[in-house]
Amino acid sequence: MAVTYTDAQEAIREAIRRLCRGFGLDYWHNCDECQAYPEDFVQAMTASGWLGALIPETYGGSGLGVLDGCLILQEINRAGGNGASCHAQMYTMAAILNHGSEAQKSKYLPRIAEGSLRLQAFGVTEPDAGSNTLAIRTFAARTADGYVINGQKIWTSRYFQSHLYLLLVRTTPLDEVTRKTDGLSLFLVDIAKAGDALKAVPIPTMLNHHTNQVFITDLHVSADDLVGEEGRGFSYIVDSLNVERLLVSSESIGDGQWFVEAASRYASERVVFGRPIGANQGVQFPIARAHININAAELMRNDAAALLDAGKPCAQETLMTKYLATESSWEAAEACMTTFGGYGVAREYHVERKWKEARLFRTAPIANNLVLAQVAQHGLGMPRSY
Ligand SMILES: Cc1cc2nc3c(=O)[nH]c(=O)nc-3n(C[C@H](O)[C@H](O)[C@H](O)COP(=O)(O)OP(=O)(O)OC[C@H]3O[C@@H](n4cnc5c(N)ncnc54)[C@H](O)[C@@H]3O)c2cc1C
């Protein structure tokens, strides 16, 4: 089955490839080596309007569909880059777009679209709750004119590269709600205004990801900073999860394509025992297998994105795409690492950087075990396992 796109989508892909040619493998290698944020790349993406792709034209964005957004990120990663550096600027705004007040939309969305305001920090995960989001304990207590928030987040990525921080907290303790999903609320926090009430501490990681612990002490926010209704925050984030998962899946698909292309090229050129290593089935089969699975993931992603763009239910399709895309990208990463032999771990060949980046998506933004649990429960009607 051929994966086909419209002329407009092909134009997007070509434009991204052109932009990425200005940020080659050495650029990404240097950022990784210095653990530097790829600011020039993100600026170029912003200036070309790509990070405002999903914001409607009324608010200064391009009003493109989710599949278009997917193709943008896929092409970045296929070119050897790392779309995770800027993907959140594309979709974190969805909470405001879908659930914010008109005042919040007109105040923030045009500035997010033009890039003068960065909203790419999202605080959900907490150290003690982990994958169990409903067990988060960061709490916003009501005051006369707003709320005061205390607690701790972990793995808040791009905090230091954001002006705004979207924060999920409890406004009613877990043991006082009827349904566990009640009593969570979303706040849009201005990081500069928060001052010392927010303290972010970077977490050193194996990959260049700019992620942090965030300690929240007596953070005063106004009622205007609440997104939507108090207590309904969980349903708002669930709403944006499908988009996030498809965009991340697209980065995995792009990574997978990069690995397959790099591995098949190298396997055809590297001569050992008097012939290209790619002439051995032990070398070529894992690459071919990964290629097949990446293609399947791309088709499944396109199907899920079409449902999402048509406003139809697609939670199962999105979860299955997330699983297949991230697992097949990892399969391709392993095949590529093996094909390169010892050179796979030499930094100058770029395989080890992409391999580290590809591994993350099996765990974040949702661990693949939890994907399987949700497919088993909601897709197959099996008993709840968590
Ligand atoms: C680099 C990085 C960036 C991140 N960025 C952000 C961010 O910007 N904002 C944010 O809020 N979060 C972020 N995260 C958090 C990410 O979403 C979580 O790491 C992820 O959801 C898993 O949670 P955990 O690490 O606490 O693992 P845990 O929940 O402790 O799980 C550990 C392991 O146990 C397995 N497991 C747990 N429960 C079950 C079960 N019931 N059945 C089977 N297996 C189970 C999991 O699959 C996993 O493999 C980031 C994480 C990383 C590593």
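The structure is a predicted model, in which local features need pLDDT of at least 70 and side-chain atom pairs count only at pLDDT 80 or more, whereas totals for chains, interfaces and linings use all residues. Residues are numbered from 1 along each chain as its sequence is written, and side-chain values use heavy atoms, with hydrogens and water left out.

Spaces were located on a 1 Å grid over the protein atoms alone: a cavity is a set of points where a 1.4 Å probe fits but cannot get out, a pocket is an open set with protein on both sides within 12 Å along at least five of seven lines, and lining residues have an atom within 4 Å of a point. Grid points are joined across faces, edges and corners, and a volume is the space filled by probe spheres set on the points.

The largest pocket has a volume of about 1700 Å³, and among the 50 residues that line this pocket, Thr125, Ser131, Thr133, Pro365 and Ile366 are the closest to its centre. Elements that contribute two or more residues to this lining include β1 (119-123), β3 (146-157), α9 (233-269) and α13 (368-379), helices (H or I, at least four residues) and strands (E, at least two) being DSSP runs numbered from the N terminus. The largest share, eight residues, comes from α9. By class, the lining of the largest pocket holds 26 nonpolar, 18 polar and six charged residues, where Ala, Val, Leu, Ile, Met, Phe, Trp, Tyr, Cys and Pro count as nonpolar, Asp, Glu, Lys and Arg as charged, and the others, Gly among them, as polar.

Around the ligand there are 17 residues, of which Phe122, Thr125, Ser131, Trp155 and Ser157 come nearest, a residue being near if one of its heavy atoms lies within 4 Å. This shell divides into nine nonpolar, eight polar and no charged residues. Oxygen atoms of the ligand lie 2.6 Å from a polar side-chain atom of Ser131, 2.9 Å from a backbone N or O atom of Val124 and 3.2 Å from a backbone N or O atom of Pro365. On its own the ligand has 970 Å² of accessible area, of which the protein covers 65%, with areas taken from the Shrake-Rupley method with a 1.4 Å probe.

The second largest pocket contains about 290 Å³ of space and is lined by 18 residues, with Leu164, Val189, Asp190, Ile191 and Lys193 nearest its centre. Its largest share of lining residues, four, is provided by α8, and the lining comprises 10 nonpolar, three polar and five charged residues.

The largest cavity has a volume of about 120 Å³, and of its 15 lining residues Pro38, Asn82, Ser85, Asn208 and His210 are the closest to its centre. Helix α2 gives the most to this lining, with three residues. The second largest cavity holds about 90 Å³ of space and has Tyr91, Phe122, Leu166 and Glu244 among its lining residues. Here α9 gives the most, with four residues, and the lining divides into seven nonpolar, two polar and one charged.

Notes: Polar contact = N/O pair within 3.5 Å; in protein donor to acceptor, adjacent residues only side chain to side chain.
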